[in-house]
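Please open the model in a viewer and keep the selection panel at hand.

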Amino acid sequence: MSEILGTRMVDDGRTARQIFEEVMANPARARFGFGRKLAIVNVDFQRAYTDIHAFRTAYETDPDQIAHVNRLSAAARAAGMPVVWTRVGYRPDGADAGVWGTRTDTPDSLQNIAIGSARHAFDPRCEVRAEDLEFTKRMPSAFFETPLRSWLQWKAVDTVVVTGGSTSGCVRATAVDSLSHGFRTIVPMETCADKHASFHYANLTDLALKYADVVPVLEVIAWLESRAG
């Protein structure tokens with residue numbers, strides 16, 4: 001029998017969190033690292049996904065997530081680096097959600113996040129500033145059919161820091177597109193959230209192994225503070 005050089009799928013009973021912690025403790029990849037200038041891209045900090053007291057679609061991982069994001073965003077502004085906030089929303093009939101909006105049709109469904117509604121509104125805990133870029137997107141990635149790539153290029157950004165939710169959905173899609181567009185990509189782990197620990201940690205692991213540097217938020221803040229005027 002010939003030697004096997006590849007890997008047969010492992011199923012050894014470890015949880016997604018255990019695997020993530022092992023990967024973080026024993027990194028097997030070189031980092032992409034920081035470039036010259038970064039942007040913070042805060043993905044979908046809207047009440048539909050953050051207000052667990054008001055909406056069934058909302059979820060929480062780290063209760064200090066938004067506080068971390070506010071501090072991170074403030075550090076970026078102080079260093080003269082841009083901050084972006086995205087959210088999902090559609091016209092009143094939801095038709096611009098396309099095929100993504102066809103799997104369910106309830107008041108909680110994706111396509112029923114109407115622009116201007118409470119579900120579309122940014123969480124009031126978020127410190128969104130007038131100088132930040134804000135836009136509504138219709139698909140998972142913050143890059144898909146939005147002004148983000150051209151705006152980042154205009155700002156001479158080479159590194160994208162992705163925060164938000166969900167880790168397994170729009171954060172992952174944005175991080176993969178960020179790398180695909182040639183940006184160094186960083187995901188601060190405390191700034192992301194998901195509905196289930198398995199989804200959250202499995203996707204952080206996959207991002208760390210393939211598409212992004214998954215690091216503590218304080219590491220990014222420290223880098224920014226070292227560059228503040």
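Select helix α5 (residues 167–180) and display its buried residues, which pack against β1 (38–43), β3 (133–137), β4, β5 (184–188), β6 (192–193) and α6. These buried residues of α5 are T167, C170, V171, T174, A175 and S178. Buried here means under 20% relative accessible area, exposed means over 50%, and partly exposed lies in between (1.4 Å probe, protein chains only). Helices (H or I, at least four residues) and strands (E, at least two) are DSSP runs, numbered from the N terminus. The model is predicted, so that local features need pLDDT of at least 70 and side-chain atom pairs count only at pLDDT 80 or more, while totals for chains, interfaces and linings use all residues. Residues are numbered from 1 along each chain as its sequence is written, and side-chain values use heavy atoms, with hydrogens and water left out.

**From α5 to α6**

Axes are lines fitted to C-alpha atoms, for helices over the stretch in contact, and angles run from 0 to 180 degrees between N-to-C directions. The two helices α5 and α6 are therefore roughly parallel to each other. The angle classes are roughly parallel under 35 degrees, roughly antiparallel over 145, roughly perpendicular from 65 to 115, and oblique for the rest.

Show side chains on both helices. On the α5 side, T167, S168, R172, A175, V176 and L179 take part, and they meet F199, H200, N203, L204, D206, L207, K210 and Y211 of α6. Contact means heavy atoms within 4.5 Å. The residues of this contact divide into 7 nonpolar, 4 polar and 3 charged. In this classification Ala, Val, Leu, Ile, Met, Phe, Trp, Tyr, Cys and Pro count as nonpolar, Asp, Glu, Lys and Arg as charged, and the others, Gly among them, as polar.

Before leaving α5, select G182, which follows the helix and has a positive phi, near 95°.

**The pockets**

Turn now to the open spaces. On a 1 Å grid over the protein atoms alone, a pocket is an open set of points with protein on both sides within 12 Å along at least five of seven lines, a cavity is a set of points where a 1.4 Å probe fits but cannot get out, and lining residues have an atom within 4 Å of a point. Grid points are joined across faces, edges and corners, and a volume is the space filled by probe spheres set on the points.

The largest pocket holds about 550 Å³ of space. To find its centre, select Y49, T57, W100, L110 and K195, the closest to it of the 23 lining residues. The lining comprises 8 nonpolar, 9 polar and 6 charged residues.

For the second largest pocket, with a volume of about 270 Å³, select P27, R29, R31, A208 and D213, which are the closest to its centre among 18 lining residues. At least two lining residues come from each of α1 (16–25), α6 and β7 (213–215); the largest share, 5 residues, belongs to α6. By class this lining has 14 nonpolar, no polar and 4 charged residues.

**The cavities**

Which residues line the largest cavity? Select Y49, T50, Y59, E60, D62, P63, Q65, I66 and R125 to outline it. Two or more of its lining residues come from each of α2 (47–50) and α3. The volume of this cavity is about 80 Å³, and its lining has 4 nonpolar, 2 polar and 3 charged residues.

The second largest cavity contains about 50 Å³ of space. Its lining consists of V43, D44, F45, Y49, T50, Y59, Q65, G164, G165 and A193. Here α2 and β4 (159–165) are the elements that give two or more residues.

**Two single residues**

Select A76, in helix α3 (residues 65–78). A76 is buried, with a relative accessible area of 0%. Beyond its neighbours within four places in sequence, A76 is in contact with I40, M81, V83 and L224.

Finally, select G98, in the loop between β2 (83–88) and β3. G98 is partly exposed, with a relative accessible area of 38%. A distance drawn from the C-alpha atom of G98 to that of R138, 40 residues apart along the chain, reads 8.8 Å.
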